[in-house]
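Please look at the sequence and the model together while I go through a few residues.

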Amino acid sequence: MQKKSDAGDALQQLIEDTKWIPRTVVSDRASEEIGGSWIEKKKKYGVQQRWTEPYSPWQNQAENSVREIKKGIKRHTLRSNSSKRL
């Protein structure tokens with residue numbers, strides 16, 4: 001995805017590549033997931049959408065994964081003495 005506005009196209013690409021349509025998508029009310037092509041693709045494939053409460057990342061399980069990945073990158077950066085700008 002090059003731009004956030006490409007979220008609808010990314011959803012369609014996921015469905016086409018995996019031949020699987022998610023029943024429900026949980027999001028944090030990001031602007032790209034509220035309007036535009038996202039709504040069109042969501043309706044086209046019959047995908048339901050749920051939103052988390054504002055400022056509550058613990059409700060979205062993907063946030064935990066992102067946090068663990070960031071921790072791992074930080075740990076590896078410290079062990080290998082690579083620059084933080086890398």
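The model is predicted, so local features need pLDDT of at least 70 and side-chain atom pairs count only at pLDDT 80 or more, whereas totals for chains, interfaces and linings use all residues. Residues are numbered from 1 along each chain as its sequence is written, and side-chain values use heavy atoms, with hydrogens and water left out.

Let me begin with Glu33. This residue, Glu33, sits in the loop that runs between β1 (24–27) and α2 (37–45). Helices (H or I, at least four residues) and strands (E, at least two) are DSSP runs, numbered from the N terminus. With which side chain does the side chain of Glu33 make a polar contact? The partner is the side chain of Ser27, at 3.1 Å. If neighbours within four places in sequence are left aside, Glu33 is in contact (heavy atoms within 4.5 Å) with Ser27, Asp28, Trp38 and Gln49.

Glu33 is also buried, yet has no salt bridge. Buried means under 20% relative accessible area, exposed means over 50%, and partly exposed lies in between (1.4 Å probe, protein chains only). A salt bridge is a side-chain nitrogen of Lys or Arg within 4 Å of a carboxyl oxygen of Asp or Glu. For Glu33, the nearest side chain of opposite charge is Lys4, 9.3 Å away. In this count Lys and Arg are positive and Asp and Glu negative, while His and the chain ends are not counted.

Lys42, in helix α2, is likewise buried without a salt bridge. Its nearest side chain of opposite charge is Glu33, at 9.4 Å. The side chain of Lys42 makes a polar contact with that of Gln49, at 3.0 Å. Beyond its neighbours within four places in sequence, Lys42 is in contact with Leu11, Val47 and Gln49.

I turn now to the strands. β1 pairs with strand β2 (residues 48–51) in the parallel sense, over four bridges; two strands pair if DSSP finds at least two bridges between them. Val26 stands opposite Arg50 in β2. Together, β1, α2 and β2 form a right-handed β-α-β unit. Right-handed here means that, with the strands pointing away from the viewer, the path from the first strand over the helix to the second runs clockwise.

How many salt bridges does a search of the whole structure find? The search finds one. Lys71 forms a salt bridge with Glu68, and their closest N and O atoms are 3.5 Å apart. Because they are three residues apart in helix α3 (residues 61–80), Lys71 and Glu68 are separated by about one helical turn. Lys71 is partly exposed at 42% relative accessibility, and Glu68 is partly exposed at 43%.

Finally, I mention two residues in loops. Lys19, in the loop between α1 and β1, has a phi near 55 degrees, a positive value in a residue other than glycine. Lys19 counts as exposed because its relative accessibility is 72%. Tyr55, in the loop between β2 and α3, has a positive phi of about 60 degrees although it is not a glycine. Tyr55 is exposed, with a relative accessible area of 81%.

Conventions:
A polar contact is a pair of N or O atoms within 3.5 Å; within protein, one must be able to donate a hydrogen and the other to accept it, and residues adjacent in sequence count only if both atoms are side-chain atoms.
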